[in-house]
Amino acid sequence: MTIAVTKVRVEDKLYQNRYLVDSGRPHIIVRPHDKPSANLLALTYVCPAKCYELNDKGQVEITADGCMECGTCRILCEKGGDIEWNYPRGGFGVLFKFG
Amino acid sequence: MIEQFDAIVVGAGMSGNAAAYTLASQGLKVLQLERGEYPGSKNVQGAIMYANMLEKIIPDFRDDAPLERHLVEQRLWVMDDTSHTGIHYRSDDFNEAKPNRYTIIRAQFDKWFSRKVREAGATVLCETTATELVRDGNGKVIGVRTDRAGGVVFANVVVLAEGVSGLLGTRAGLREMPKPETVALAVKEMHFLPEEVIGQRFGVKGDEGCVIEAVGTISRSMAGLGFLYTNKESISLGIGCLVSDFAATMESPSALLDAMKNHPSIRPLIAGSEVKEYAAHLIPEGGYKAIPQLFGDGWVIVGDAAQLNNAIHREGSNLAMTSGRVAAEAIIKVKSRNSPMTKANLALYKTMLDDSFVIKDLKKYKDMPALLHTNSSNFFDSYPRLMSHAAQNFMRVDGTPKIEKEKNTTAAFINARSRWGLVSDAVRLALAWR
């Protein structure tokens, strides 16, 4: 199987970081919802990579390309069922040069 | 790939490397799984490394380990918006043949540690995410499922060194997910500066290093800590606060870090630097009361995955290394008696760990996390402001009689916290500290 591999540089602080994005296979998924829970909404501020954003319908969406895999969203939102959280497949995701 | 190992170690951080190295050097057949491209590529730490705990694993580590600077000076700052006060300790005694503490860069250090693990005889499989524990009909852990094709591997015992947010232990119900009030989210930047500039700014020469750790208004009333560690040609600068506080205040971690960098006490130290990385990581902060069950049929948990972090002394990697080593030594003992890796036999790990500084230290501070969590605005905002006010009142010469200055300072403390509040804070702090 061939795997689509994209090296991306996300905006802001994240542009210095190295990532190997697993295209089309995001490791975190926000479950469909009408109105975000308090914790899910908090992620739009608290996620250190700003992966979570409100769309114009007031729902929270994720773009996990810049994720640093810290697990904050998992701690806040996995239990309540807001998100499905996994680590990226082996080798993919953030590649810290210094850590 | 059906192959039976003596032990599978999940994760190649400090605890996993310590465990894998110890097991392999005693001749056990060890498989270590690491999801990163190379060991260290997923690992984040400040980072300070304590020599004593590594010496117990690799006594001659100084010969080739990538070490940045040995610490001769530590500054503990209490900050308000425009100032800092605090304690500095610097000693030439720290310039010794075998220094006590070093700054390290984890991605580099972990590569070195992993090389040692491989040299000791372990098989290290990178780019492999462990997805699930495999258990037999009786619930005994017998292996690990990975994301490689057909990727189930079997072992007599699995060492879960999967880090604070590891998936396997929580998914298998061996430990609970950390609660938001028992983990801190830390963000960090790597600021590069010429070696001599760092030397001048921090008053250090050669490989000498200096660290600053700071509490106060930089954490905006959240329970948190800022830090600045000097590496050879870079400065690690970051701040961490409890996840529960972040969620309640909706503060942005990156904005918090930027504000800290702009503080008049910090800004000149990093002026002109080139930032080469931005990282984020969770730190276990729950202390003794958050430690999960550490062992069971066919498994042990070590390091951050076991919440083994001393938040008060900001020690983590040494507890991780020690727990990994001790778990490995327990496994080696069980194996040497030809006993199976049952819960009853692996209880030896906990007995040995209880007898070490790891559990003794965490037990000492068992009430601190709750105290700091529930009183964060006092300890991280009110008191820092009061201390700064008191210091400035003491230093500034403006013709006010000293007796009035002292009355001002006392009144400020009483106004802010009341007599009862001051006494009760002091008592609770003393009780939690003892």
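**A friendly note on a predicted two-chain model**

1. B:Gln307 is buried, because 23 other C-beta atoms lie within 10 Å of its own. Its phi is near 65 degrees, a positive value in a residue that is not glycine. You will find B:Gln307 in the loop between β17 (299-301) and α9 of chain B.

2. Please keep in mind that this is a predicted model. For the complex, the predictor gives an ipTM of 0.93 and a pTM of 0.94. In chain B the pLDDT averages 96, and 100% of the residues score at least 70.

3. α9(B) has 20 residues and reaches 28 Å from its first C-alpha to its last, close to the 28 Å expected at 1.5 Å a residue. The helix is mostly covered, with 16 of its 20 residues buried. Just after α9(B), B:Asn338 takes a positive phi of about 55 degrees.

4. Next comes the core. The largest nonpolar core has 161 residues, and B:Val159 and B:Val300 are those with the most contacts inside it. Helix α9 (residues 317-336) of chain B gives the most to this core, with 9 residues. In soluble globular proteins, nonpolar side chains tend to be buried together.

5. Which residues does B:Val159 touch, not counting those up to four places away in sequence? They are B:Ala7, B:Val9, B:Val10, B:Gly16, B:Ala19, B:Val300, B:Val302 and B:Ala327.

6. One peptide bond in chain B deserves a look of its own. A cis peptide bond joins B:Gly46 and B:Ala47, with omega at about 15 degrees. B:Ala47 is found in the loop between β2 (30-33) and β3 (48-50) of chain B.

7. On the scale of domains, chain B is divided into domain 1 (4-67 + 104-177 + 289-364), domain 2 (181-284) and domain 3 (368-433). The contact between domain 2 and domain 3 of chain B takes 12 residues from domain 2 and 9 residues from domain 3. On the side of domain 2 that touches domain 3, the residues divide into 4 nonpolar, 6 polar and 2 charged. Taken over C-alpha atoms, 25 Å separate the centres of domain 2 and domain 3 of chain B.

8. Now for the partner chain. Chain A has 2 helices and 7 strands, and from the N terminus on its elements run β-β-β-α-β-β-α-β-β. Of the 99 residues in chain A, buried residues make up 48%. Among contacts in chain A between residues at least 6 apart in sequence, 62% join residues at least 24 apart.

9. Finally, here is how the chains meet. How many residues of chain A are in contact with chain B? There are 29 residues of chain A in contact with 41 residues of chain B. The elements that give two or more residues to the side of chain A that touches chain B are α1 (38-46) and α2 (72-77) of chain A. By class, this side of chain A has 14 nonpolar, 8 polar and 7 charged residues.

Terms used. Residues numbered from 1 in each chain as written. Chains lettered and ligands numbered in written order. Predicted model: local features only at pLDDT ≥ 70, side-chain atom pairs only at ≥ 80, totals over all residues. Core = buried A, V, L, I, M, F, W, Y, C linked by C-beta atoms within 7 Å. Buried ≥ 20, exposed ≤ 12 C-beta atoms within 10 Å, placed from the backbone. Helix = DSSP H or I, 4+ residues; strand = E, 2+ residues; numbered from the N terminus. Contact = placed C-beta atoms within 7 Å. pLDDT = per-residue confidence, 0-100. Domains from an automatic or database assignment. Nonpolar A, V, L, I, M, F, W, Y, C, P; charged D, E, K, R; others polar. Expected span 1.5 Å × (residues − 1).
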